[in-house]
Amino acid sequence: MTQSNNSYKKKKQNTTGKTKGNNRILRYCVSLLLIILLTLAILFLKQKIYSPENRELLYGKAVYVIDGDTIKYVYDKSLNNQGESIIEKARLDESVSKDILDGQEIIVRLIGIDAPESANHDQSKNTEEGRESTKFLKEMVEGKTIGLDFDEEKTDKYDRLLAYLWMDGELINKKMIDSDHAVLMIIPPNTKYEDLLKSHS
């Protein structure tokens, strides 16, 4: 009777041990699945947030590249069905809004990046890296259609319009960083694409 009881207890302990082990594996698998699903959800949401199709872009031409982080832009009314509405929502200064809608050349400073000097009045501050950066941006956007995307602050202390540039579904600001022609420079409150600019391709 004692031996029979001992055998029963051992079987019960083995069964209990297996059940606990199976439960641990199940909990691990469920946790792993939740982590994967959460990661995929975050990536999906970021893709939607960063997609230019989900932004209200102000389209026009990059008529001239000044340096690796500054261009001259001209608004193209024919490319904008809701241009005036976008400008109004962006809460741009009245004089800047008028110049844009009148088709004036607007100096645009790219948000979130800083390129080496190439157009400084003090020639000693201009560098070969700056000239390469300017050339890269010029070849990429000059004479082409781009979309301006605004953040919280709209102009800098030099009265340049601050914007992100989109072209063919790509964020040009990020391309300048990824190609090593500019460095990251985040100045709050303009942080809308901070995570995207920090992630290298």
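Mentor: What follows covers α2, its two sides and the loop behind it. The model is predicted: local features need pLDDT of at least 70, side-chain atom pairs count only at pLDDT 80 or more, and totals for chains, interfaces and linings use all residues. Residues are numbered from 1 along each chain as its sequence is written, and side-chain values use heavy atoms, with hydrogens and water left out.

α2 spans 83-90. Helices here are DSSP runs of H or I with at least four residues, strands are E runs of at least two, and both are numbered from the N terminus. Start with the buried side. G83, I86, I87 and A90 are the buried residues of α2. Buried means under 20% relative accessible area, exposed over 50%, and partly exposed in between, with a 1.4 Å probe and protein chains only. These four sit on the same side of α2, because they cover an arc of only 100° around the axis. That arc is taken from the directions from the helix axis to the C-beta atoms.

What does the buried side meet? Its residues pack against β1 (58-67), β2 (70-75) and α3. Contact here means heavy atoms within 4.5 Å. Now turn to the other face. Pointing away from the buried side are the exposed residues E84, E88 and K89.

Then the helix ends. R91 follows α2. R91 lies in the loop between α2 and α3 (94-101). Its phi is positive, about 55°, although R91 is not a glycine. R91 is exposed, at 59% relative accessible area.
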